[in-house]
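Me: I would like to learn how to read a structure one feature at a time, with the general idea before the particular case. Could we begin with how strands are paired?

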Amino acid sequence: MMGLLDVTGVTKSFGTTPVLRGVDLQIPDGCLAAVLGPSGCGKTTLLRVVAGFERADAGLVDVGGRRLADGGRTHVAPERRGIGIVPQEGALFPHMSVAKNVEFGLRGGRDARLRSAEVLELVGLAGYGGRMPHELSGGQQQRVALARALAPEPSLILLDEPFNALDPGLRATLRQEVRGVLRAAGVTALMVTHDREEAMSMADLVALMRDGRVAQSGAPREVYERPADAELAAYIGETVVLPGEFRAGRVHCALGRLAPVEGMEVPAGRCDVVLRPERLVLGTDADEGALAVVKDVTFAGHDTVVELALDGDGTELWVRSHVYPAPLVGETVRVHLAGAPAVFPTSELPARGILV
Ligand SMILES: Nc1ncnc2c1ncn2[C@@H]1O[C@H](COP(=O)(O)OP(=O)(O)OP(=O)(O)O)[C@@H](O)[C@H]1O
């Protein structure tokens, strides 16, 4: 199956430092994909290779079945790729009106003016064409940058951390707006971000990058529920890891005997049980779950971080709780897991000589 964007085996080094080590990524037509990963993992470099600003050392970049890059052989110039780009901080031309900024990549004339008005309306800025960029808020400038990228009707839009410069409240609104605009335009988009909430709430497909490769990709829910390993689980959300032992289809850990998330292949033996702290549910004595003592409580606004020590072996874990009022330090509570944990074979080597 072909995607609208197909990246195959792309490698790129700067000097002797390999940054992309064989990136494979396929984005279906009309899909909004987010590339997520820690700082320096090569996200921006990948975006720049797709845009044509960097030459890949090897590998293929195809958009809509058209070969744009093939290692050292083919390299279509950025302006001939039919790709729209929304840079980090809008980067509008400060001396040009909003309309002129949007028309920049068009051929000019009446059609360009009509198209500019059309995309400005699409991003919710109808009537702003005569303003200068400095007369707009940061969020509005970003929307102009999006309009400019959409104006020539590209088949692919690249967004490089598009909300970085904005304050958190605005980010949340704008990302839903941008998502709506990209949908309405029917365009395929690839966004780079290091904000996991942004990736999860906006994208149809999340690609997790590690060591210059796409380590896992899938729908946000799929990647969140079924991460490929414990490290990737921590890329996309908070985790609590408990030691456990897997046998006969169940993992035995301090929270009891649990079935791992469906479809997860787990070899018998020692394992890490990877939980999401917001899925650990606190209850009172009458509820189900393991008994635990509250060790610490941290107010976090919309929820509360509750640190617990489980009765019995004293295993420590923490919970992101929505129980109101929050429990008090010293109180005894019950804790159980809503849903199923991800389970992985224990990563570190067994402590030889100590275990029997
Ligand atoms: N033009 C360049 N010359 C030399 N090294 C570069 C160049 N561009 C990027 N790098 C290096 O490549 C690595 C990956 O950079 P890149 O910007 O792709 O990472 P990133 O995942 O986008 O990071 P961030 O989230 O911090 O933006 C970094 O170590 C960076 O220093």
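Reply: Two strands are said to pair if DSSP finds at least two bridges between them. This is a predicted model, and in it strand E18 (residues 304–310) and strand E19 run antiparallel, joined by 6 bridges. Within that pair, Val 305 has Arg 320 of E19 as its bridge partner, and in the hairpin, which has 5 residues between the strands, Gly 312 takes a positive phi near 90°.

Me: Which way do the residues of strand E7 point?

Reply: In E7 (residues 83–86), Ile 83 and Ile 85 point one way while Gly 84 and Val 86 point the other way, and all of them are buried. E7 runs parallel to strand E8 (residues 156–160), to which 4 bridges join it, and in this pairing Val 86 stands opposite Leu 159 of E8.

Me: What is the order of the strands in the open sheet of 5 strands?

Reply: The order is E2-E1-E4-E5-E6, with antiparallel pairing. At the edges lie strand E2 (17–27) and strand E6 (74–75), each of which pairs on one side only. Inside the sheet, strand E4 (residues 58–63) and strand E5 (residues 66–70) pair in the antiparallel sense over 4 bridges, and Asp 62 has Arg 67 in E5 as its bridge partner.

Me: Which residues surround the ligand?

Reply: The ligand is surrounded by Phe 14, Val 19, Gly 37, Ser 39, Gly 40, Cys 41, Gly 42, Lys 43, Thr 44, Thr 45 and His 194.

Me: Why is helix H1 described as largely enclosed by the rest of the structure?

Reply: A residue is counted as buried when 20 or more other C-beta atoms lie within 10 Å of its own. In H1, 7 of the 9 residues are buried, so the helix is largely enclosed by the rest of the structure. The buried residues are Lys 43, Thr 45, Leu 46, Leu 47, Arg 48, Val 49 and Val 50, and the helix is followed by Gly 52, whose phi is positive, near 95°.

Me: How many residues does the largest nonpolar core have, and which have the most contacts inside it?

Reply: In soluble globular proteins, nonpolar side chains tend to be buried together. The largest nonpolar core here has 93 residues, and those with the most contacts inside it are Ala 147, Ile 157, Leu 190 and Leu 208. Helix H4 (residues 138–150) supplies the largest share of this core, 6 residues, and the core draws at least three residues from each of domain 1 (5–225) and domain 2 (238–345). To take one of these residues, and leaving aside its neighbours within four places in sequence, Leu 190 is in contact with Leu 5, Ile 27, Ala 33, Val 35, Leu 47, Val 50, Leu 156 and Leu 158.

Me: What distance separates the centres of domain 1 and domain 2?

Reply: The centres, taken over C-alpha atoms, are separated by 39 Å. The protein chain is divided into domain 1 (5–225) and domain 2 (238–345).

Note on methods. Residues are numbered from 1 along each chain as its sequence is written. This is a predicted model: local features need pLDDT of at least 70, side-chain atom pairs count only at pLDDT 80 or more; totals for chains, interfaces and linings use all residues. Helices (H or I, at least four residues) and strands (E, at least two) are DSSP runs, numbered from the N terminus. A residue is near a molecule or strand if its C-beta atom, placed from the backbone, lies within 6 Å of it. A nonpolar core is a set of buried Ala, Val, Leu, Ile, Met, Phe, Trp, Tyr and Cys residues joined through C-beta atoms within 7 Å. A residue is buried if 20 or more other C-beta atoms lie within 10 Å of its own, exposed if 12 or fewer, and partly exposed in between; C-beta atoms are placed from the backbone. Domain bounds come from an automatic or database domain assignment. Two residues are in contact if their C-beta atoms, placed from the backbone, lie within 7 Å.
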